[in-house]
Amino acid sequence: MARVVDYYVQNVIGSQVKKHRIEQRMSQKDLAERLETYAIYICRGSISRIENHARTVTDFELRAIARALKVSIYDLFEVEESFTENKKIKS
């Protein structure tokens, strides 16, 4: 069965998740633990894959990530132009 999302990039928020996490001096493990308080279970390795754009993010996860990082969901969608130019969709 074909995947629903079949791109090199699986999400558009990864860079911003990493940026906000680092700005808050939070480790990936810390973020994973904070997400658990919102009943969202994403392991440290999955946080890494999200930040590297290798894992999709559900709407529930997106909401919890924004809350855990104390930012707006919209802040996670601020995408740099260099990101969109360097991450081409598979043909």
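**Core, helices and salt bridges**

Modeller: The largest nonpolar core has 18 residues, and those with the most contacts inside it are Val17, Leu31, Leu35, Ile42, Ile65, Leu69 and Leu76. A nonpolar core here is a set of buried Ala, Val, Leu, Ile, Met, Phe, Trp, Tyr and Cys residues joined through side-chain atoms within 4.5 Å. Buried means under 20% relative accessible area, exposed is over 50%, and partly exposed is in between (1.4 Å probe, protein chains only).

Biologist: Which elements give two or more residues to this core?

Modeller: Those are α2, α3 and α4, and α4 gives the most, with 6 residues. Helices (H or I, at least four residues) and strands (E, at least two) are DSSP runs, numbered from the N terminus.

Biologist: Before we go on, what should I know about the model itself?

Modeller: It's a predicted model, so local features need pLDDT of at least 70 and side-chain atom pairs count only at pLDDT 80 or more, while totals for chains, interfaces and linings use all residues. Residues are numbered from 1 along each chain as its sequence is written, and side-chain values use heavy atoms, with hydrogens and water left out.

Biologist: Which residues of α2 are buried?

Modeller: Gln28, Leu31, Ala32 and Leu35. Down the axis of α2 they fall within an arc of 100°, so they line one face of the helix. That arc is taken over the directions from the helix axis to the C-beta atoms. The cover over them includes α1, α3 and α4.

Biologist: And α3, how many of its residues are buried?

Modeller: In α3 (residues 44–51), 6 of the 8 residues are buried: Gly45, Ser46, Ile47, Ser48, Ile50 and Glu51. What covers them includes α1 (14–23), α2 (28–36) and α4 (59–69). Just after α3, histidine 53 has a positive phi of about 65°.

Biologist: Switching topic: how many salt bridges turn up in the whole structure?

Modeller: A search finds 3, where a salt bridge is a side-chain nitrogen of Lys or Arg within 4 Å of a carboxyl oxygen of Asp or Glu. One of them pairs arginine 21 with glutamate 51, with the closest N and O atoms 2.6 Å apart. That one links distant parts of the chain, as arginine 21 sits in helix α1 and glutamate 51 in helix α3, 30 residues apart.

Biologist: Are arginine 21 and glutamate 51 buried or exposed?

Modeller: Both are buried. Arginine 55 and glutamate 61 also form a salt bridge, at 2.9 Å from N to O, and those two residues are buried as well.

Biologist: What about lysine 29, which residue does it pair with?

Modeller: Glutamate 33, with the closest N and O atoms 3.2 Å apart. Lysine 29 and glutamate 33 are 4 residues apart in helix α2, so about one helical turn separates them. Lysine 29 is exposed, with a relative accessible area of 51%, whereas glutamate 33 is partly exposed at 40%.

Biologist: Last one: which residues make the nonpolar surface patch?

Modeller: Val12, Ile73 and Phe77, and the patch is about 230 Å². Valine 12 lies in the segment before α1 and is partly exposed, with a relative accessible area of 40%. Patches are made of residues with over 30% relative accessible area and no salt bridge, joining like charges within 9 Å and nonpolar side chains (Val, Leu, Ile, Met, Phe, Trp, Tyr) within 5 Å. Accessible areas come from the Shrake-Rupley method with a 1.4 Å probe, and for residues only the protein chains shown count as cover.

Methods:
Contact means heavy atoms within 4.5 Å.
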